[in-house]
Amino acid sequence: MKKHEGFKKAAAVFVLAGMAAVSVLAGCKGGGSEGSGNLGQTAGGQTAQSTQAPEPGKAEPGKVQEGAQGSAGGREDIVIATAMEPTVFFCQDSIFSSNQAKDSPVLFQIYECLLWMDENGQCQPWLATGYDMSDDGLEYVFTLRDDVYFHNGEKMTAEDVAFTYNLCKEKNKNLTTNLLINFDKAEAQDDTHVKFTLTAPFGGFPAETSARVGFIINKKYYDEVGSEGYNENPVGTGPYTFESRISGQEIVLKAFEQYWGGEAGIKTVRIRPISNVSTQFISLKSGDVDVVNAADVSSCKKLTDSDIATWMSVPSAARTYIQFNVRDNMNSPAKDLNLRKAIQCAVNKEDLVYGVLDGQGVPLEINVVPGYTGAPDPGTYPAIEYDPEKAKEYLAQSGYTGTPLVCLCQSGTDREMAAQIIQGQLMEVGINVEIVATDTGNYTASSQSGNYDMMIAMTSSSLYDVSSTNTEYRIQDTTGPIWPLADELDALCAKANVEVDPDARKALTAEVYTIVQENAYTVGLYGSESTMAYNKNLEGITLNPNNAWRVYNWSWK
């Protein structure tokens, strides 16, 4: 087996149209390497350097040292506003529908993975310090830290890690299929070594262990309380413990005194759902809120030097798109192909980038963010241009009768604003839209039940690889396959995942998106940025491209 002490940083460059900003966005993709401590090249062909795990009790740059106190008047607490209320605190069972954009403000404080994706989109050693990979790419043996404890006092071992992954495969097949590609099983070899076996090679597997599917849980505690008990009172290895939750009002987290990296300087974290953007920023400016997560860009740009708050923004993996309800067992007008094609042509994506993101984003030809390894090259799939006259032609060929299409979106997010702009664009060609902007719980319930005609959805990928987009085309829910050609799309996606030749892989993904475009299953809208507004007295704040962050790194001046 090939030994890897630390992890290779694969670089994929995000190029934002019309902007000078670029960011290194990647995963740590092992595979095909030679020699100890060097992971060789990634699936995208980039070469990078290894990095070492932080020493126990020592803070990385930007982290608070053990025993450090928050200042700004001696403050040790923080209040964070988020538009979508976190509601799911356990990811290994499909009875809970976890969503990284919604739930990560809590999940990434309580739980930890084998790897951590940093602000550059690169994976760093975390609960694992290194791994060995077999010559055929079918086995990975991860070496674990020996000083990690769960919030219930139990020491983390390889048995917990193996149990986490095997449970997710058993209980959450959709998440495992899409976030643990080709994963077969995990086995504890001893307390600090766990072996993962794949059914076929996939070079991105190490990076997959940084996704929410890999939040390590305690086997003993799970055996006592089960999935529902774990979701009600989650136990992880992270720097904060779950203290309390009042639905619709506040979630409280407390610093974990036995955390392997040292206790956090900020002792109490209060996460409050505030869906209204104006209320978020009024609270921020008044000091009632210290941080606004996934902040509205236009509101951020209105902050002045005299305000107590500032903001930051980095290119993200988030992609926003229209998903149509074309399920066989649903009676939606969106099942009309010509109507969907009319909508494809009627949406002006440039207007969305400037109207929703204040110009800080990129229009998407397909539902893929620029920079993904394995993504098809432009010109190898149909690109749909903005053409309102063509939209009217398709509409005339459809059976559309003028009944308003129900457009589902989440209130208090950029998708609600996008829905309003799209509503106006479609009205210009003769398509009526009724916007249903709802809270997170009702949005999730409606999307799962198919209670919509079109949905403005956003996904933030855990991997900077085109395989991360397969979720939209492979997933099945309780009503059956979402797409009429789900089996064909699934076969193409699976074939692309094991293809080692980059050009051949791109050709396969081009076939996927040719089918998607020709059938108008989705309409790629825009790629956005991770944005946060925060009190100027806070320091150490960073964002990764998935808008995941760790309060442990922050402190008051």
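Helices and strands are here DSSP runs, of at least four residues (H or I) for a helix and at least two (E) for a strand, numbered from the N terminus.

**Figure 1. Overview of the chain in the predicted model.** Counted in this way, the chain has 15 helices and 24 strands. Buried residues account for 59% of its 557 residues, and among the contacts between residues at least 6 apart in sequence, 73% join residues at least 24 apart.

**Figure 2. The largest nonpolar core, with a view of Ile78.** This core holds 76 residues, of which Ile78, Phe196 and Trp554 touch the most other members. Helix α2 (residues 158-171) supplies the largest share of the core, namely seven residues. A second, separate core comprises 51 residues, including Val356, Ile431, Ala496 and Leu508. When residues up to four places away in sequence are not counted, Ile78 touches Ile266, Thr268, Val269, Arg270, Asp290, Val291, Leu538, Val551, Trp554 and Trp556.

**Figure 3. The packing of helix α9 against helix α11.** Helix α9 (residues 349-357) and helix α11 (residues 414-429) pack at an angle of about 140°, and their axes lie 10 Å apart. The angle therefore makes α9 oblique to α11, and the crossing of the two helices is right-handed. On the α9 side the contact is formed by Asp351, Leu352, Gly355 and Val356, which meet Asp414, Met417, Ala418, Ile421, Ile422 and Gln425 in α11. By residue class, the contact of α9 with α11 divides into six nonpolar, two polar and two charged residues.

Figure 4. Leaving aside neighbours within four places in sequence, Phe96 is in contact with Val88, Phe90, Ser227, Glu228 and Asn231.

**Figure 5. Asp439, in the loop between β18 and α12.** Asp439 is found in the loop between β18 (433-438) and α12 (440-449). Because its relative accessibility is 42%, Asp439 counts as partly exposed, the class that lies between the cut-offs of 20% for buried and 50% for exposed. The C-alpha atoms of Asp439 and Cys409 are separated by 8.7 Å, while these two residues stand 30 residues apart along the chain.

Methods
Residues numbered from 1 in each chain as written. Predicted model: local features only at pLDDT ≥ 70, side-chain atom pairs only at ≥ 80, totals over all residues. Heavy atoms only, no water. Core = buried A, V, L, I, M, F, W, Y, C linked by side-chain atoms within 4.5 Å. Buried < 20%, exposed > 50% of the residue type's maximum accessible area, 1.4 Å probe, protein only. Contact = heavy atoms within 4.5 Å. Axes fitted to C-alpha atoms, helices over the stretch in contact; angles between N-to-C directions. Parallel < 35°, antiparallel > 145°, perpendicular 65-115°, else oblique. Left-handed = near helix turned anticlockwise from the far one by under 90°. Nonpolar A, V, L, I, M, F, W, Y, C, P; charged D, E, K, R; others polar.
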